[in-house]
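Here are my notes on the model, as numbered points. Please read them with the structure open.

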Amino acid sequence: MKILHTADLHLGQVIYQNYDRSDEHRHFFRQLEQWCLEEQPDALLVSGDVFDIQQPSATVKKAFTDYFVRLHHACPQMAIVITAGNHDSASRIQADNAVWQLANAHLIGTPPAFNCHECPDGIPADAPTRSLWQYQYIIKLESGYIVALPYMTGERRQAIQSVLDKVAEDNALGLPVVVMGHQAVTGADMTGHDYEIGKLRTQDVGSFGTGFDYLALGHIHKPQTIDHQADCMEEAIVYHAPVARYSGSALHVSCDEAYPHTVSVVEIAGHGGDVSIRQLRIDELRHFYVLPLDGSSFSSAEEAIEAMNQFVGHGERGYIRFRFDYRANLPSNFNQMVYDALQPYHDEWRYNPKMLWTGLAGSQNREKEKLVFEVAELQQMTDPMQFIERTKDQYPGLDINDVRQAFEEVKAEMLLLSEEKEAKARQNKKTTES
């Protein structure tokens with residue numbers, strides 16, 4: 001069985017509040033199409049975070065359709081399997097599944113229930129199809145099985161194992177078994193996810209059950225093989241099954257991802273055998289640069305602007321971030337000075353306004369740095385307290401415990417109102433029926 005494994009496309013991302021990345025995604029998909037033609041895989045797997053936000057624009061949705069229809073036309077025999085990530089709307093991904101199957105593509109958005117005895121989509125307990133819910137997540141190919149699992153909140157080990165058990169019952173020929181997942185697993189190198197360190201919920205690889213040969217992970221953007229960090233960037237390597245691997249994201253999603261990004265080519269001879277992994281290096285349309293390049297720090301705005309003008313005049317393109325000494329006294333319009341200087345390059349050179357400061361302790365550095373939130377990062381903050389805690393240093397005298405208590409009281413009151421509303425609805429229903 002041969003697969004191409006990628007993840008975390010983040011289509012529609014607007015980076016640094018200002019820059020559309022559609023040309024970078026087009027550049028990636030040209031490479032992906034060429035690799036599909038050259039490798040002729042049995043399947044292309046996209047392990048979550050297809051979109052950057054849960055409600056992408058019509059333009060972004062059309063780009064998604066155009067990219068994958070083109071891939072299907074290039075390799076019609078290749079199955080395409082796409083699962084929802086935490087940035088995606090599970091129901092929107094799932095809603096298109098029936099149509100996409102006409103193009104040999106499978107879109108899985110809705111996860112299995114926590115309890116494997118419960119049925120998805122409200123199937124009655126006595127329905128004939130009740131015992132067959134597992135097959136919603138199994139794609140059987142001539143060369144092997146793909147268990148397509150989207151992003152799930154909390155461990156669902158029992159449900160996942162139930163799906164794998166169905167595969168085992170059917171797998172009399174000993175074909176390879178691949179599981180797709182979009183989770184942060186214990187032991188992963190989360191470089192580039194600094195804002196989530198200490199908060200990112202992780203699961204043990206064992207939560208994905210037993211009986212698979214390759215676990216095709218998404219969510220963490222650095223390419224890596226779990227428990228094999230020392231050699232995970234080898235261009236070609238062979239492991240014995242089972243193997244769990246992050247393919248990494250399609251694009252550098254932030255300037256903190258200062259490592260190569262790749263697509264994984266995975267070949268599995270048979271169930272329980274060797275797993276061969278090759279990495280195809282993605283040529284990024286724009287790279288990320290921190291100035292000065294030598295690791296030193298600028299001491300003034302004038303020095304930084306002059307160095308930047310010299311750097312961007314070499315005919316390349318990319319994203320620029322500055323490193324300043326903490327004693328540098330920048331003018332209030334420094335960011336505008338940078339935007340004005342880069343304007344002649346028409347977005348070929350782009351600016352990251354999150355500056356790096358040297359000579360400061362961690363807490364002081366955070367106070368010095370201007371907080372800039374990405375659109376998707378804000379969207380993931382479903383609890384208002386997450387935003388307040390991130391910005392509390394900007395409000396001297398704020399008692400965070402008082403704010404937290406106030407929100408708890410509001411949530412309790414809303415819950416009570418909701419329960420009263422439901423009780424009233426039930427009473428009205430009984431009255432009507434009688």
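1. The model is predicted. To begin with a loop: Proline 292 sits between β16 (287-291) and α6 (301-312), in the loop that links them. The peptide bond from leucine 291 to proline 292 is cis, with omega about 0°.

2. A cis peptide bond also joins alanine 241 and proline 242, where omega is near 5°. Proline 242 belongs to the loop between β12 (236-240) and β13 (243-246). As background, most peptide bonds are trans, and most residues other than glycine have a negative phi.

3. Histidine 219 is not a glycine, yet its phi is positive, at about 115°. The loop between β10 (214-218) and β11 holds histidine 219. Is histidine 219 buried or exposed? Its relative accessibility is 10%, so histidine 219 counts as buried, the cut-off being under 20%.

4. Aspartate 347 has a positive phi as well, near 70°. This residue lies in the loop between α7 (334-342) and β18 (349-351). With a relative accessible area of 37%, aspartate 347 is partly exposed.

5. Six strands form an open sheet with mixed pairing, in the order β7-β8-β9-β10-β13-β11. The edges are β7 (138-140) and β11 (224-225); each has a single partner strand, so one side of each has no neighbour in the sheet.

6. Within this sheet, strands β8 (residues 145-148) and β9 (residues 177-182) run parallel and are joined by four bridges. Valine 147 is opposite valine 179 in β9. Helix α5 (residues 157-170) lies across β7, β8 and β9, at about 165° to β8.

Notes
Residues are numbered from 1 along each chain as its sequence is written. This is a predicted model: local features need pLDDT of at least 70, side-chain atom pairs count only at pLDDT 80 or more; totals for chains, interfaces and linings use all residues. Side-chain values use heavy atoms; hydrogens and water are left out. Two strands pair if DSSP finds at least two bridges between them. Helices (H or I, at least four residues) and strands (E, at least two) are DSSP runs, numbered from the N terminus. Contact means heavy atoms within 4.5 Å. Axes are lines fitted to C-alpha atoms, for helices over the stretch in contact, and angles run from 0 to 180 degrees between N-to-C directions. Buried means under 20% relative accessible area, exposed over 50%, partly exposed in between (1.4 Å probe, protein chains only).
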